[in-house]
Amino acid sequence: MMVGMAGAPLAAEHAHQEAKPRHGGAVVEVSDVEYELVKRDTGYVIHVSDHGKPIPTKGWSGTIATIGGEKASAELVAVADNQLEVKGGLKVRPGTRLLATIQAPRKKPVQVRFTVK
């Protein structure tokens, strides 16, 4: 299953660009931070980095939810050094649009939009 994405932060900063995947997933850059959604056997994980340098996600949290269609949502939980794991077995099929709201300590929330292909 392929995953595509586009991103936009909650604030007025809308500059983003596509970046190269480092873990075989789909990547978007928002406010100089790269978010890469990767499908694994057990679900999804989001890797977080700054131009390839891992950004520690300790203390980060968030949610991910479907947009339109059948409603489903899951929690994002910080795992490993620079990863957020989708908890709760969010099941999606091709064409499903997802919205991740990611909260880093002492920062404004960031929204990242994914489209499963």
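Tutor: Over residues 5-17, pLDDT stays under 50. The model is a predicted one, and for this stretch it has 43 contacts beyond four places in sequence. Where pLDDT is low, the predicted coordinates should not be read in detail. For the protein as a whole, the mean pLDDT is 81, and 82% of its residues reach 70 or more.

The setting of this stretch may be described next. The protein has 11 strands and zero helices, so that its pattern along the sequence reads β-β-β-β-β-β-β-β-β-β-β. Of its 117 residues, 44% are buried. Among contacts between residues at least 6 apart in sequence, 44% join residues at least 24 apart. The accessible surface comes to about 6800 Å², and carbon and sulfur atoms account for 52% of that area.

The largest nonpolar core holds 24 residues, and Tyr35, Ile46, Ile64 and Ile102 touch the most other members. Two or more residues of this core come from each of strands S3 (26-30), S4 (33-40), S5 (43-50), S8 (73-79), S9 (83-87), S10 (97-103) and S11 (110-116).

Tyr44, however, has a charged neighbour: Lys39 lies over the face of its ring, at 5.3 Å from the ring centre.

Most residues other than glycine have a negative phi. His51 has a positive value, near 50°, and is not a glycine; His51 is placed in the loop between S5 and strand S6 (53-54). Arg106, likewise not a glycine, has a positive phi of about 60° and is found in the loop between S10 and S11. Arg106 counts as exposed because its relative accessibility is 82%, and the cut-off for exposed is over 50%.

Key
Residues are numbered from 1 along each chain as its sequence is written. This is a predicted model: local features need pLDDT of at least 70, side-chain atom pairs count only at pLDDT 80 or more; totals for chains, interfaces and linings use all residues. Side-chain values use heavy atoms; hydrogens and water are left out. A nonpolar core is a set of buried Ala, Val, Leu, Ile, Met, Phe, Trp, Tyr and Cys residues joined through side-chain atoms within 4.5 Å. Buried means under 20% relative accessible area, exposed over 50%, partly exposed in between (1.4 Å probe, protein chains only). Helices (H or I, at least four residues) and strands (E, at least two) are DSSP runs, numbered from the N terminus. A charge sits over a ring if NZ of Lys or CZ of Arg is within 6 Å of the ring centre and within 35 degrees of the ring normal. Contact means heavy atoms within 4.5 Å. Accessible areas come from the Shrake-Rupley method with a 1.4 Å probe; for residues, only the protein chains shown count as cover. pLDDT is the predictor's confidence in each residue, from 0 to 100.
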